[in-house]
Amino acid sequence: MRCLVTGATGYIGGRLAPRLLAEGHTVRCLARKAGRLRDVPWAARTEIAEGDLRKPDTLPAAFEGVEVAYYLVHSLGQAGFEAADREAATRFAEAARAAGVRRIVYLGGPEPAAGGEVPSAHLRSRAEVGRILLGSGVPTAVLRAAVIIGSGSASFEMLRYLTERLPAMVTPRWVRNRIQPIAVRDVLRYLAGCASLPPEVNRAFDIGGPDVLTFEEMMRRYARVAGLRRRIIVPVRALTPSLSSHWVGVVTPVPSAIARPLVESLVHEAVAHEHDIAAYVPDPPDGLASFEQAVALALAKVRDGEVETRWSTASGPDAPAEPLPSDPGWSGGTAYTDVRERTVHAPPEDLWRVVEGVGGEHGWYSFPLAWSVRGWLDRLVGGVGLRRGRRDPHRLQVGEALDFWRVEEIVPGELLRLRAEMRLPGRAWLEMRVAPLDGGHSRYQQRAVFLPRGLPGHVYWGGVAPFHAVVFGGMARNIARRAEQAARRPAVPDVRS
């Protein structure tokens, strides 16, 4: 079948598209910018349609000839996300019906128990999107999942960092609510299987793994699988969801803006009330993955640097999409720059390896305290901070997050351009270039660009400019030094037989 995948730059969509390809389907991905999918390994085998669910005139071409349409987008963590998701779902449903799509598949959230607490805004929005799609006139399957366990998922990273960093913790009482987590591989299996549902099926299905646990039990079991000592967990009444989300934002890479709706969802019990999906998509012969199996698989992916997608991969619809302007006058008057250049006594390939390895565990090659403080300040004002890290320790792709930057452009061996996603009174980029020189040497060029927004932007640049000699100057020196050290290392002999 021809399947349309929205959210292909996100966590689930980025894993579903290659699975559908492997099962023989034709895959078309809807993206606001086609370039966001340029570097993913499966992109060349797909059709990529540029379009925006908030712009109905961009959708007919994307839906033309589509038989199955996957709705895998949301505005989680953005202001006004309920209205934004309502509009996007309505536009999607209208376009699918007009194009004669035979099936819609949507991954939503758990249904709170009837008569329980008022559902969070996040769960209300997920449920509303499901109702819009079910009422679209196109047969729809809504899959309702609670916590998804997989390398790079926001829920998994929240669980992982809380457990690994806090051997003893005071927690909110909701850690004793029951949850039915599910492995990401089983979620993908259900999503792919729903492409072949009979046309009369138009309903929601609960999906969950074989274990019903509390979040407290999940942390204890995670500790066992990860080889950690037993965790001391003391639930107290005083920690509200709002306080909990700030606490999660401090301890984990997940910023408070995303942690809050996740935490608010955990206030409700999230247990599957039926397993009817098995009548259409049978369980695998060895059964659904247990919680321990899902954690072990996720940790192995993290350890081996094989994380396919991360929660931070997706950027919201309000993220700036314009590339770095080549003409400083584009900014309306002022473009501040900090330019550094060094001759490096190392081959370009050694220098490039250092450049592409920037961020994450490797750091930023200069004044770690300054970068750390900037990251903490960003978290305090609701930004993403430094701890999003990187998906792969060695390779970068266009569109993926890198600490508080996003990769805007990468030309292997030549150029890495990062766009800032920290909270700023303006827009900023960091550009790193590698060029060959005679004699096996290379030139390193580094440019920071800031386009101020109003008087606060000018004041901001004036305040941080005195530190640039230390931060950006040190960065250029240390990148050059690392490359030269790598060039002097003896080659490792090939001992393969």
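What is the mean pLDDT of the protein chain, and what percentage of its residues reach 70 or more? The mean is 86, and 90% of the residues get to 70 or more; pLDDT is the predictor's confidence in each residue, from 0 to 100. This is a predicted model, where local features need pLDDT of at least 70 and side-chain atom pairs count only at pLDDT 80 or more, while totals for chains, interfaces and linings use all residues. Residues are numbered from 1 along each chain as its sequence is written, and side-chain values use heavy atoms, with hydrogens and water left out.

**View 1. Confidence along the chain.** Among the elements, strand S4 (residues 68-71) has the highest mean pLDDT, 98, and helix H8 (residues 241-251) has the lowest, 68. Helices (H or I, at least four residues) and strands (E, at least two) are DSSP runs, numbered from the N terminus.

**View 2. Two stretches with pLDDT under 50.** Over residues 317-323, pLDDT stays under 50, and the model gives them 14 contacts (heavy atoms within 4.5 Å) beyond four places in sequence. Residues 326-332 also stay under 50, with five such contacts.

**View 3. The second largest pocket.** A pocket is an open set of points on a 1 Å grid over the protein atoms alone, with protein on both sides within 12 Å along at least five of seven lines; lining residues have an atom within 4 Å of a point. This one holds about 760 Å³ of space, a volume being the space filled by probe spheres set on the points, which are joined across faces, edges and corners. Its lining has 34 residues, and the closest to the centre are Gly360, Glu361, Gly389, Arg390 and Asp403. Helix H5 (154-165) and helix H12 (368-380) each give two or more residues, with H12 giving the largest share, six. The lining splits into 11 nonpolar, 11 polar and 12 charged residues. Here Ala, Val, Leu, Ile, Met, Phe, Trp, Tyr, Cys and Pro count as nonpolar, Asp, Glu, Lys and Arg as charged, and the others, Gly among them, as polar.

**View 4. The largest cavity.** In a cavity, a 1.4 Å probe fits but cannot get out. The count is three cavities of 30 Å³ or more, and the largest has about 70 Å³ of space. Its lining includes Pro110, Arg144, Asp206 and His273, and divides into seven nonpolar, two polar and three charged residues.

**View 5. The second largest cavity.** Its volume is about 40 Å³. Among the lining residues are Ile149, Asp211 and Phe291. Strand S10 (182-183) and helix H10 (291-303) give two or more residues each.
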